[in-house]
Amino acid sequence: MESPKKKGKPPHPRAKTNPLSALTFAWTLPIFWGGLKKEMDENDLYEPLEEHASGPLGDKFARLWEEEVASAGGKRTPSLLRVILKAYAARCMLYGFVLMFMECGIR
């Protein structure tokens with residue numbers, strides 16, 4: 001399997017954006033303009049962000065699953081929902097609070 005880094009894909013534009021550009025999604029404008037000028041193809045894709053790499057996420061999920069199996073023991077069945085919540089609930093709650101603040105602040 002070929003590594004995406006060997007293909008020479010450009011770095012993801014959001015990787016080096018300032019906070020204002022990230023909050024307003026202004027970093028997406030050049031992508032949309034490029035799509036208007038010509039049909040986009042596979043060569044127009046960017047490298048994924050480090051936070052979107054499947055390796056660390058899979059390792060974290062596997063570690064949490066092993067902890068869940070160990071804590072369940074023979075008393076109960078391991079819960080996949082509990083593992084998903086441990087892995088992603090904090091980040092989703094943070095995004096929810098940010099959105100709530102923005103919605104309440106805008107109105």
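User: What volume does the largest pocket have?

Analyst: Rolling a probe the size of a water molecule over the atoms shows where empty space is left. A pocket here is an open set of points on a 1 Å grid over the protein atoms alone, where a 1.4 Å probe fits, with protein on both sides within 12 Å along at least five of seven lines, and lining residues have an atom within 4 Å of a point. The largest pocket has a volume of about 440 Å³, a volume being the space filled by probe spheres set on the points, which are joined across faces, edges and corners. This is a predicted model, in which local features need pLDDT of at least 70 and side-chain atom pairs count only at pLDDT 80 or more, while totals for chains, interfaces and linings use all residues. Residues are numbered from 1 along each chain as its sequence is written, and side-chain values use heavy atoms, with hydrogens and water left out.

User: Which residues are the closest to the centre of the largest pocket?

Analyst: Of the 13 lining residues, Arg 14, Ala 22, Leu 23, Phe 25 and Tyr 95 are the closest to its centre. Helices are DSSP runs of H or I, at least four residues, numbered from the N terminus; α4 (80–106) gives the most to this lining, with six residues.

User: Why does the largest pocket lie between domain 1 and domain 2?

Analyst: Domain bounds come from an automatic or database domain assignment. The largest pocket lies between domain 1 (1–52) and domain 2 (53–106) because both give residues to its lining.

Conventions:
Helix = DSSP H or I, 4+ residues; strand = E, 2+ residues; numbered from the N terminus.
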